[in-house]
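Student: I am new to this structure and would like to go through it with you. May we begin?

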Amino acid sequence: MSVSSDASTRAGTPTPPRVDGVTAASIRARKKLRNDRAGYLFLLPWFLGMLFMVVPFFASLYLAFTDYNLLNPPGWIGLENFRTMLGDAKLHQSLKVTFVYSFVSVPLSLAVALGVAMILNRGIRGLPVYRAVFYLPSLLGGSVAVVLLWRYIFGLDGVVNQFLGWVGVEGPGWTSDPQYALTTLIILHIWTFGSPMVIFLAGLRQIPALYYEAAAIDGANRFQQFRSVTLPLLSPIIFFNLIQSLIASFQTFTQSFVMSNGTGQPADSTLFYNLYLYQKGFTEFDMGYASAMAWVLLVIIALLTGLNFVAARYWVFYDN
Amino acid sequence: MIRMAGLSGLGLSLAACGRGFGGGDDDAEGDAVQLNMVWWGDAVRAEKTQAALDLFQRKHPGITVKTEYQDSQPYKDKLATRFAAGEPPDLLAMRTDSLREYADRGALLDLSQHSGILDLTGVVENARRLGMVGDKNYGVPSGLNSIGFVVNKTLTDKFGVAIPDGNSWTWDDLAAFARQVTAKSGRKVYGTVFEAATLANLMVFTRQRGEDFYTADGKLGVTEGTLVTWLEMIEKMRTEGGFPPPGFIDPSIGSSPDKSYLAKGTVASQIIPTNNFLTYNKAAGGNLVLLRMPGEAAARQRGQSIDTPALWSVSSKSKHPKEAVTLLNFLINDVDGAKAAGTTRGVPANSTIAGEIKATLAADDRTATDYLIGLQAEKLPPSYTYPIGSSKLYGILSSLSSEVEFGRKTPAQAAKEFLAGARAALAK
């Protein structure tokens, strides 16, 4: 949506209003119906998908209140699973890992995404190529192959440590030392900044150059322009990216599963909430507890998202 | 990695379909019964298993076998979901530490009901007991193994370090040996490495100190003192240099022989399950020497035991229990089948068969077989069926031992926490 196309529409000859009101209304109604039908048609795949979602969704809600070992029928135990959670040190560790991971990696990856988007927005030649190159990691970041690749890069004798060796530093075990293992996964997450970047780029292009010109005339430097023009106008986009990334990061699973072979080791430092949930359900046969954990995660994500929406009133600026 | 094998099976079932549209299901006499058999392992094991199954299908034209295999970790998860979904396989490989988790919940067939088909007279008592819960039999060892210490002779020759005598060496000898290798290689190769958390390793150490890791009534028998000594011993070797520094073992590597540090040539010795000797030897350059575990000669009681890499079990929901048990009987008692399958799951549980296939084995393969046959002839303490919850113990110890490795917890703290965690896991 650019200024010029808006202008041309406005300049075009307007269609004369129909004299016959009834016909106009019926045409409008028919048009609306057709529109609705198209809308529902587009929604159809989602509805079909929902059918497959709804049953497991409510089944897991029921299972959360049961003791279910996969082999015998579930038995109702009320709130017992939730009570056990209060005293489960491993669960608390997994929450800590997940919160640290999300609260560190989400802001950092958004900052990197915004930074790269701003550089790309300055009208570099070959923009589509760069955009694709930067976007690629976020398509691959969660995939097993890339995590495997990262294992080699961050292995004890991997690329990173070889490089550190040249400058005389003995690198740590990036994936085997509990002090660094989570950091390595955070770096992997930041590297996949592509999808928020593409959205930022689209947002930046919508900010009219006019504002920057006006700011420049008023004597604002680049930083002031960024703070007073870019950030407020981009804030809805930042908000959107924040919510999306936060939800996704709370659901992290593949990275730690592959990196630690499904164990959450070393010393539970990469035991993400979802990995622990998986361990509970599928290696310890405690599917009731795992279902309860899934619902707690849902509540945590809902609360965080809700908090964000409340906070958004104070910093997100809607143009219209 | 799931593979469906047996094109011949496909041919047979197509032929069965061609006979007519009626029935469809295969309870009628003469129609081909299809069995689903699942297990864990690698491509080599798959090839050998398939060779044995081809023989079986030739001898039993009415039965076709569709087999699937995976690596051990994903296998465990997949098996659980298949049981949960109500579509368990007919014949399956079962981990000894999960046996009771399935059996006590009624998921496995009591094989003693089919003693007319399944002949276990050739299997020694100690081995047969691996699959028994009370007087019920829920599994038969797919083969027998133990653990052993392998030393890479190419490396020790290179650095001029003598390999200790495997029949008399102690844990101190191991530490001294490891220290020498590390020192003489200029820290390029570490003397030894093994996982502190692998229960099979710890169990040997526990028994040598006169305790049972699990008691006969399914309780935890290992004492805090033993755990502390075990962890301290490893940390001492680490400080001396014989054992690699913290962070050396990458949790993402997994346990496959060709990715092991032995194969990479960065350690000179390691503990392995003996049925994997052949694969480790191939991966490490073909010059491995197999020793008994350290400390056996001087121990209060023998630490090593006869174990099985996997039990064969039949699902209680199998639609074809008779055919599944027939296949199981073939795997245990058929000479030709055993020859085709080789020793990938250990030495055959049937000792007559074990004697017969020995002659056909390659020299390389005979090493581990001789080792085990030697052990079988000795009086060893029995291993009891693992109690429910034991599959959780490795995870608990693995996390605590890495805390010790990085100096975040003392061996004493870790031992205490392990006992508390393990007792809670077993009590549930």
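Tutor: A definition comes first: a residue is called buried if 20 or more other C-beta atoms lie within 10 Å of its own, exposed if 12 or fewer do, and partly exposed in between, with C-beta atoms placed from the backbone. This is a predicted model, in which local features need pLDDT of at least 70, side-chain atom pairs count only at pLDDT 80 or more, and totals for chains, interfaces and linings use all residues. Residues are numbered from 1 along each chain as its sequence is written, while chains are lettered from A and ligands numbered from 1 in the order in which they are written.

Student: Is L108(B) buried or exposed, then?

Tutor: L108(B) is buried, because 29 other C-beta atoms lie within 10 Å. Its place is the loop between α4 (99-103) and α5 (125-128) of chain B. Helices here are DSSP runs of H or I with at least four residues, strands are E runs of at least two, and both are numbered from the N terminus.

Student: Which residues is L108(B) in contact with?

Tutor: Two residues are in contact if their C-beta atoms, placed from the backbone, lie within 7 Å. Apart from neighbours within four places in sequence, L108(B) has contacts with Y102(B), A103(B), Y138(B), S313(B), V314(B), S315(B) and S316(B). Y138(B) is 30 residues from L108(B) in sequence, yet 6.2 Å separates them in space, C-alpha to C-alpha.

Student: And where is A107(B)?

Tutor: A107(B) is also in the loop between α4 and α5 of chain B. A107(B) counts as buried because 23 other C-beta atoms are within 10 Å. Setting aside neighbours within four places in sequence, its contacts are L71(A), F83(B), P88(B), Y102(B), S315(B) and S316(B). Between the C-alpha atoms of A107(B) and K317(B) there are 7.2 Å, although the two are 210 residues apart along the chain.

Student: How many residues does the contact take from chain A and from chain B?

Tutor: Chain A gives 26 residues to the contact and chain B gives 27 residues. On the side of chain A that touches chain B, there are 10 nonpolar, 12 polar and four charged residues. In this classification Ala, Val, Leu, Ile, Met, Phe, Trp, Tyr, Cys and Pro are nonpolar, Asp, Glu, Lys and Arg are charged, and the others, Gly among them, are polar.

Student: Changing topic, what is the domain assignment of chain B?

Tutor: Chain B has domain 1 (7-142 + 308-376) and domain 2 (147-304 + 389-427), with bounds that come from an automatic or database domain assignment. Their C-alpha centres are 31 Å apart. In the contact between them, 16 residues of domain 1 of chain B meet 12 residues of domain 2 of chain B. Helix α15 (residues 363-376) of chain B supplies the largest share of the domain 1 side, seven residues. That side divides into six nonpolar, five polar and five charged residues.

Student: How is chain A divided?

Tutor: Chain A has domain 1 (19-63) and domain 2 (79-315). The C-alpha centres of these two domains of chain A lie 34 Å apart.

Student: At what angle do the axes of α16 and α17 of chain B cross?

Tutor: The axes of α16 (residues 393-405) and α17 (residues 411-427) of chain B come within 10 Å and cross at roughly 165°. Axes are lines fitted to C-alpha atoms, for helices over the stretch in contact, and angles run from 0 to 180 degrees between N-to-C directions. The two helices are therefore roughly antiparallel. Angles over 145 degrees count as roughly antiparallel, under 35 as roughly parallel, 65 to 115 as roughly perpendicular and the rest as oblique. By class, the contact of α16(B) with α17(B) has 10 nonpolar, two polar and two charged residues.

Student: What about α5 and α9 of chain A, at what angle do they pack?

Tutor: Helix α5 (residues 127-140) and helix α9 (residues 194-206) of chain A pack at about 140°, with their axes 7 Å apart. That angle makes α5(A) oblique to α9(A). Their contact has seven nonpolar, three polar and one charged residues.
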